[in-house]
Amino acid sequence: MPATSADKLTLFRIRLAPKGRRKPPPGPDIEGKILDAAEFVFGHFGFRGATTALIAKKASIAKPHIYYYFEDKEDLYRAILERAMNMWARNIDDLDTAADIQTILTRYIHKKVDFSRDHPHLSRIYANEIISGAQYAGSFIEKVSTPLLLDKVKTVEQWAASGAIRPISATDLFFCIWAMTQAYADFSGQMTIMKQKRQLEQVDYDAAKATIVQLVLGGLGLGNARPPGISSRPRRSK
């Protein structure tokens with residue numbers, strides 16, 4: 001396993017070192033409740049619109065309890081970015097390149113759609129951070145995410161060189177997978193309006209997985225990428 005994977009994820013931090021000695025925590029599981037609440041609040045209101053008062057209210061705790069664990073709002077925001085980036089990095093680092101190509105890509109696409117379903121606020125927080133210039137996450141992207149990506153890019157390039165898949169820009173392949181899968185978090189509001197429903201349901205995520213897998217595998221020339229029951233012949237209009 002490359003040095004940029006598990007060891008690096010443990011060592012690299014987005015948060016700064018604490019300024020002073022913190023008091024003992026007020027009770028069990030409070031930090032997790034704060035992080036879950038912050039994920040929701042930052043996801044809805046962004047860094048500027050979020051306040052520690054809103055986060056404390058969402059977590060159902062007294063506002064001073066936040067400062068047992070976090071220096072200020074920025075420190076809490078950095079912690080949420082760490083959560084998002086570490087989950088993203090582990091998803092790509094866990095790709096089992098020993099499996100067959102279709103299984104590798106299908107599993108990765110499924111994981112990415114599941115992330116959008118289970119952590120839509122984290123996805124939006126990350127998207128807004130990048131749109132805003134990656135002020136806090138830039139170093140993580142440079143020192144952790146990029147080496148992890150390049151390691152997987154080499155694998156895809158080897159597949160192409162061996163003739164197992166069609167020639168392709170491997171980096172852009174991953175960019176396209178991220179764009180397609182993360183859209184089901186970042187643009188779910190648009191999707192629900194167009195689908196005329198209050199929120200996306202499991203059937204929507206299952207359809208997303210099947211469609212994205214079909215597009216990616218088909219584009220790479222990997223066997224029959226059509227879902228079962230779909231004919232390769234176009235239907236004649238009646």
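**Notebook: aromatic rings**

I searched the whole structure and found 10 aromatic pairs. Rings of Phe, Tyr and Trp (its six-membered ring) count as a pair if their centres lie within 6.5 Å; planes under 30 degrees apart are stacked, over 60 edge-to-face, and the rest tilted. I keep in mind that this is a predicted model, where local features need pLDDT of at least 70, side-chain atom pairs count only at pLDDT 80 or more, and totals for chains, interfaces and linings use all residues. Residues are numbered from 1 along each chain as its sequence is written, and side-chain values use heavy atoms, without hydrogens and water.

**Entry: Phe47 and Tyr136**

How are the rings of Phe47 and Tyr136 arranged? Their planes are at 50°, so I noted the pair as tilted, with the centres 6.1 Å apart. The pair links distant parts of the chain, 89 residues apart: Phe47 is in helix H2 (residues 30-49), and Tyr136 is in the loop between helix H7 (120-131) and helix H8 (138-162). Helices here are DSSP runs (H or I, at least four residues), numbered from the N terminus.

Next I looked up accessibility: buried means under 20% relative accessible area, exposed over 50%, and partly exposed in between (1.4 Å probe, protein chains only). Phe47 has 26%, so I call Phe47 partly exposed, whereas Tyr136 is buried at 12%.

**Entry: Tyr69 and Phe70**

The planes of Tyr69 and Phe70 are also at 50°, so this pair is tilted, with centres 6.4 Å apart. Tyr69 is buried at 11%, and Phe70 is buried at 1%.

**Entry: a cluster**

I found one aromatic cluster formed by Trp88, Tyr108, Phe174, Phe175 and Trp178.

Conventions:
Helices (H or I, at least four residues) and strands (E, at least two) are DSSP runs, numbered from the N terminus.
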